[in-house]
Amino acid sequence: MSEVAFDGVTKRFGDVTAVDQLTLSIRDGEFMVLLGPSGCGKTTALRMVAGLETVTEGTLRIGDRVVNDVEAKDRDVAMVFQSYALYPHVTVAKNIESPLVARRFDTGDGSPRKLTSAERAERVTEAAAALGLTDLLGRKPAALSGGQRQRVALARAMVARPAAFLMDEPLSNLDAKLRAQTRIELVELHERLATTFVYVTHDQVEAMTMADRIAVLSDGRLQQVGPPQAVYDRPHNLFVARFIGSPPMNTVPGTVVRSEGATSVRLGGQSIEVEGLAAEPLADGTEVIIGVRPEDLVVDAAGQVEAEVRAVEWLGHERLVVCDLAGHQITIRQAAGDDPVATGDVLPLTADPAKVHLFDPDTTERLN
Ligand SMILES: Nc1ncnc2c1ncn2[C@@H]1O[C@H](COP(=O)(O)OP(=O)(O)OP(=O)(O)O)[C@@H](O)[C@H]1O
Ligand SMILES: [Mg+2]
């Protein structure tokens, strides 16, 4: 078990800055998800932890040891790749055993040694049982399903009992159903092993459902780190607001209006009340970007703003109502049982002032 800490870590490939001044402490035993779009530097950050990529600037620690110059094999981490990377010609048992064969392990007496074949077999049996592979140990990878292969890759990572597991999009080759199932299994595995997991994905659903904390990256830079719900409820900037949530948060430009006691924002002749500006009040007339999540816009006869319905998308358990609000397209999420709406309807809308987010149009930072 170990903390993994980036301190001002930068990675450059020639002119490309893949990871830019990353400072992030991953706690001992934590399930941390690095989340962001393609090319934002997730894999590069993980490969630096694994020792597969050098650190250009900054300090990387695992436990209390600076590992910038420690070789991959001496780092006590295990990496699971998207492609599984199993050995095709040997059995599942041999695949799982493979990390144990050449390495020396400290088995408790302070002097590392190779494991005996009985000790190796015991670890293979234990890892196979943990991942439901006991009946498959004699098969070769070609005779396994994608999900089973992924579990073999996880078992192989487990046998060395590493201080941290590093996973790079390990579920992306699985179909939707199996992905959902494997997400649950990974969370259970994490609870059982109580080991640090660093998990890379561009899939916000994976991040939201599995992480203790999410670190959102864009262009190599850390945008926000926090528990999934906190990041969802209070995105620090427009990038995070738009990246997390499906359909994404509605964002439209508006202007601050101040009157006694209350602050509201005006958009196209209508206005909507907001909370949380008391600490540093914004001047009347300040231009802002208003953000409201689709589920936080509610149809209400006393609604503050009006939007015209353009399209209704039925998803079975819910529907998405696409509307025009003062020339901007917005989406409202409704339960299947809510009053029906039709194209052309004008809906009076309201939002809880505590759920209206304001962002600076220039810096894109949160204002309330
Ligand atoms: N070996 C390399 N040489 C040059 N540039 C690289 C190298 N590896 C990565 N990059 C660049 O660094 C940036 C970050 O890449 P990285 O693979 O870390 O992104 P990612 O977030 O994992 O993306 P994806 O979701 O597509 O896997 C990209 O611009 C990429 O092109
Ligand atoms: Mg990647």
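The legends below describe an overview and close-up views of a predicted model.

Local features need pLDDT of at least 70 and side-chain atom pairs count only at pLDDT 80 or more, while totals for chains, interfaces and linings use all residues. Residues are numbered from 1 along each chain as its sequence is written, chains are lettered from A and ligands numbered from 1 in the order in which they are written, and side-chain values use heavy atoms, with hydrogens and water left out.

**Figure 1. Overview of the chain.**
The chain holds eight helices and 22 strands. Helices (H or I, at least four residues) and strands (E, at least two) are DSSP runs, numbered from the N terminus. The C-alpha trace spans about 75 × 45 × 35 Å along its principal axes. Of the 368 residues, 47% are buried (under 20% relative accessible area; exposed is over 50%, partly exposed in between; 1.4 Å probe, protein chains only). Among contacts (heavy atoms within 4.5 Å) with a separation of 6 or more, 64% join residues 24 or more positions apart.

**Figure 2. Helix α2 against helix α4.**
Two packed helices are described by the angle between their axes and the distance between the axes. Helix α2 covers residues 92–101 and helix α4 covers residues 146–158. They pack at an angle of about 35°, with axes 7 Å apart. Axes are lines fitted to C-alpha atoms, for helices over the stretch in contact, and angles run from 0 to 180 degrees between N-to-C directions. From α2 come V92, N95, I96, S98 and P99; they meet V152, A155 and R156 of α4. By class, this contact has five nonpolar, two polar and one charged residues. Ala, Val, Leu, Ile, Met, Phe, Trp, Tyr, Cys and Pro count as nonpolar, Asp, Glu, Lys and Arg as charged, and the others, Gly among them, as polar.

**Figure 3. Helix α4 against helix α5.**
α4 also packs on α5 (residues 176–193), at an angle of about 15° and with the axes 11 Å apart. The two helices are therefore roughly parallel (angles under 35 degrees; over 145 is roughly antiparallel, 65 to 115 roughly perpendicular, the rest oblique). α4 passes α5 in a right-handed crossing. On α4 the contact uses G147, R151, L154 and M158; on α5 it uses L178, E185, L186, L189 and L193. Six nonpolar, one polar and two charged residues make up this contact.

**Figure 4. The open sheet from β15 to β22.**
Five strands line up as β15-β14-β13-β16-β22, with antiparallel pairing. Two strands pair if DSSP finds at least two bridges between them. β15 (270–274) and β22 stand at the edges with a single partner strand each, so one side of each lacks a neighbour in the sheet. From one strand to the next, the twist averages 45°. β14 (residues 263–267) joins β15 through five antiparallel bridges. T263 stands opposite V274 of β15.

**Figure 5. The open sheet from β17 to β20.**
This open sheet has five strands in the order β17-β21-β18-β19-β20, and its pairing is antiparallel. Its edge strands, β17 (298–299) and β20 (328–335), each pair on one side only. Two bridges link β17 to β21 (residues 346–350) in the antiparallel sense. L349 of β21 is the bridge partner of V299.

**Figure 6. Strand β4 and its partners.**
β1 (residues 4–13) and β4 (residues 57–62) pair antiparallel over five bridges. V4 faces I62 of β4 across the pairing. β4 also pairs antiparallel with β5 (residues 65–66), over two bridges. There, R61 has V66 as its bridge partner. The hairpin of β4 and β5 has two residues between the strands, and G63 takes a positive phi near 65°.

**Figure 7. Backbone exceptions.**
Most residues other than glycine have a negative phi, and most peptide bonds are trans. The bond from S246 to P247 is cis, with omega near -5°. P247 sits in the loop between α8 (238–243) and β13 (250–258). Q21 has a positive phi near 55°. Q21 belongs to strand β2 (residues 16–26) and is partly exposed, at 48% relative accessibility. T364 has a positive phi near 70°. T364 lies in the segment after β22 (357–359) and counts as partly exposed at 27% relative accessibility.

Key: A crossing is left-handed if the near helix is turned anticlockwise from the far one by less than a right angle, and right-handed if clockwise.
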